[in-house]
There are 2 protein chains.
Amino acid sequence: MRPVAVIGMGKTAFGAFPQKDLRALAVEAGQKALADAGVAPEQVEAFYLGNFAGPSFVGQSHLAPYIAGAMGITGVPCTRVEAACASSGSAFFHGVSAVGAGLYDLVLVSGVEKMTSAETPRVAEILAMAGDCATEGKAGATFPALFALIAKRHMHQFGTTREHLAAVAVKNHANGAKNPDAHMKKVITPQQALAGKMIADPLTIYDCSLVSDGAASVLLCPLERAHEFTSQPVRVLGLAQTSDYVALDRKADITCFPALQAAARKAYQMAGLGPDDVDLAEVHDCFTIAEIVAIEDLGFAPKGRGGFFSFDGETAIGGSKPVNTSGGLKAKGRPVGATGVAQICDLVLQIRGEAGERQVAKHRIGLAQNLGGSGATCVVTILGGVA
Amino acid sequence: MRPVAVIGMGKTAFGAFPQKDLRALAVEAGQKALADAGVAPEQVEAFYLGNFAGPSFVGQSHLAPYIAGAMGITGVPCTRVEAACASSGSAFFHGVSAVGAGLYDLVLVSGVEKMTSAETPRVAEILAMAGDCATEGKAGATFPALFALIAKRHMHQFGTTREHLAAVAVKNHANGAKNPDAHMKKVITPQQALAGKMIADPLTIYDCSLVSDGAASVLLCPLERAHEFTSQPVRVLGLAQTSDYVALDRKADITCFPALQAAARKAYQMAGLGPDDVDLAEVHDCFTIAEIVAIEDLGFAPKGRGGFFSFDGETAIGGSKPVNTSGGLKAKGRPVGATGVAQICDLVLQIRGEAGERQVAKHRIGLAQNLGGSGATCVVTILGGVA
């Protein structure tokens, strides 16, 4: 693989935007990414789109050419990838792989979801389709219920507490309040988090991420050409996508995600780096417990100590290992299919030193981790600044 | 790109199978393809799945790891691609590209759709999501209506007749009757085709393809390793995926598909071949008029002469350019997301000389053409036997 660089990025704010349809959001993010690199739509050689459930949320399939055409991109491969919440992480994986393998030079990768058009019960139903509908779905399990099982087991086995979960929520809300593009800019206290409405014991409303509209986009090219387009390319140092069983009951141990561990191992190996080399990370905090498991599976904290690590402030912006400085899915927002590429965008901002109030001191190496379902797809990316 | 070979293939029968769910169909086809090459699931390095609307038809998203896990494939990239009716053509494109670029050696590509679980009006609604829902869909246009517009214009401009359309149906029904895996094994006369119930003038029920369940699968590897797995590898000589606007009203001329023409041009160029070199083809006859346009856009017949060419018997099994010897979408059946890979399977059978009653005399070079929507995605593949 030849080295690949992110040369442009663009995203919409995340939130509830009744006046913007799915295509308008995706076009806005895509055009920003193109403008960021000074690239015209006609120069794009392939387009990869991550979208989880556009057909279910807004009644439109065939979204890749639908969005590409509106940006003036035709005549090239335009492909929608669906991997539940890891849809655009997977699109990014395939886009980088294709540029790395020499298939294309200029590739646009976007993620988009428009969720607020559906009523809440329908949103839960659509999200549940990412689980095993023949078993979990039939039994009535939604994702809060599945992650509550994971949390319960983690608490039982490792002494993780509700205070630990709340610490993740408090930190991500604090970070989101510093992010002008975040869906929720509301600082909360641990007391508020603990007193939140119970959704699926032990997860309260503050342990769950949001239902959002939004899009994010990055433009890729071979590193050797990056300086034609930007003075601040960000290099893809490591990258892996892996899979596992969809149903939670097929897993031997539900306190970890084997797909996450495998993706991390492969990405670290490709980058020639380890967890200690990572300056900051964006991880898939669809629920607070998912962030705790992620920081363990990524090797930031020892197994079982993710909750304590979070509670001790190590993952705060000023901590030893800042995690989700953007506010994460928890506060930045969770337009499902956009989460993976949005993580890349947020790391690019940090690595470039453009993260404003949430800028971290050490920002040379960033890691993104995007999870699909309860761990059936995982994408881990390691990005680094180019000196 | 290093040369890529198809080393295994497997498909289910196409039809209505109330007792088989989507996953069972996909697993059956995948296991047949693996067995055909003597490859174990653990050897598969990546899995690409083409599926149009599993979430809408059967309520299950995240289908790539869902199906892969059931075959014993975990820990590797498993990715669902959605490009309307060209979903598995696109999955095949990305699988071949990845092997060709050296990313993996053993890649499984499958396509699946389970359509008969939904009521007919709901099927039409789900299919219509592949058009532009904000314009065409809102105006009430379903796909039969859109292709009826194409047919009307083609008739007006080139003198194509209803008898020409009927000739395509009669030929594909005759071929399907020779295919043990076809959904419809019913020989029809031109009179029957012309007297069929009108769906969208000038298209009768016999001009429309079927609503089917089914799956198809192929296993890929670098050509240099093909003989480890099979004595009859089939080489991918040329391949392209292209895109165009989704809405028909954005096209300057609706009697052709620019994405099809572009994909054909690129695939011919990659193969170093032209239309005259193609011994037989599987084209995307979602409607009879689509086959007529395809054989023109592929260069088998001059522009405007596709109807005459078909009526004259040139595309029959014994004709100068056999098209859809499998029965095509018209008679073999149309499980939407499986159509692209199923075309590859049918060409592999012909090239290997294993097509039974429908075997053509000259079967060295085969071409497959998979179309998404009314032409927004097109994949063209050229396959050849290895001496």
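Chain A of this predicted model exposes about 11700 Å² of surface, and carbon and sulfur atoms supply 54% of that area. Of the 387 residues in the chain, 66% are buried. The 33 positive and 35 negative charges of chain A have mean positions that lie 2 Å apart.

The overall form of chain A can be described through its radius of gyration, which is 19 Å and agrees with the value near 21 Å that a compact globule of 387 residues would have.

| Property of chain A | Value |
|---|---|
| Span of the C-alpha trace along the principal axes | about 55 × 45 × 35 Å |
| Radius of gyration | 19 Å |
| Distance between the mean positions of positive and negative charges | 2 Å |

As for confidence, the mean pLDDT of chain A is 97, with 100% of its residues at 70 or more, while the complex receives from the predictor an ipTM of 0.97 and a pTM of 0.98.

In chain B, helix H3 covers residues 63-71, and because eight of its nine residues are buried, under 20% relative accessible area, the helix is largely enclosed by the rest of the structure. The buried residues of H3(B) include B:Leu63, B:Pro65, B:Tyr66, B:Ile67 and B:Met71, together with B:Ala64, B:Ala68 and B:Gly69. Just after H3(B) comes B:Gly72, which takes a positive phi of about 90 degrees.

Notes. Residues are numbered from 1 along each chain as its sequence is written. Chains are lettered from A and ligands numbered from 1 in the order in which they are written. This is a predicted model: local features need pLDDT of at least 70, side-chain atom pairs count only at pLDDT 80 or more; totals for chains, interfaces and linings use all residues. Side-chain values use heavy atoms; hydrogens and water are left out. The radius of gyration is taken over C-alpha atoms; the globule rule is 2.2 Å times the number of residues to the power 0.38. Buried means under 20% relative accessible area, exposed over 50%, partly exposed in between (1.4 Å probe, protein chains only). Accessible areas come from the Shrake-Rupley method with a 1.4 Å probe; for residues, only the protein chains shown count as cover. Lys and Arg count as positive and Asp and Glu as negative; His and the chain ends are not counted. The place of a charge is taken as NZ of Lys, CZ of Arg, CG of Asp or CD of Glu. pLDDT is the predictor's confidence in each residue, from 0 to 100. Helices (H or I, at least four residues) and strands (E, at least two) are DSSP runs, numbered from the N terminus.
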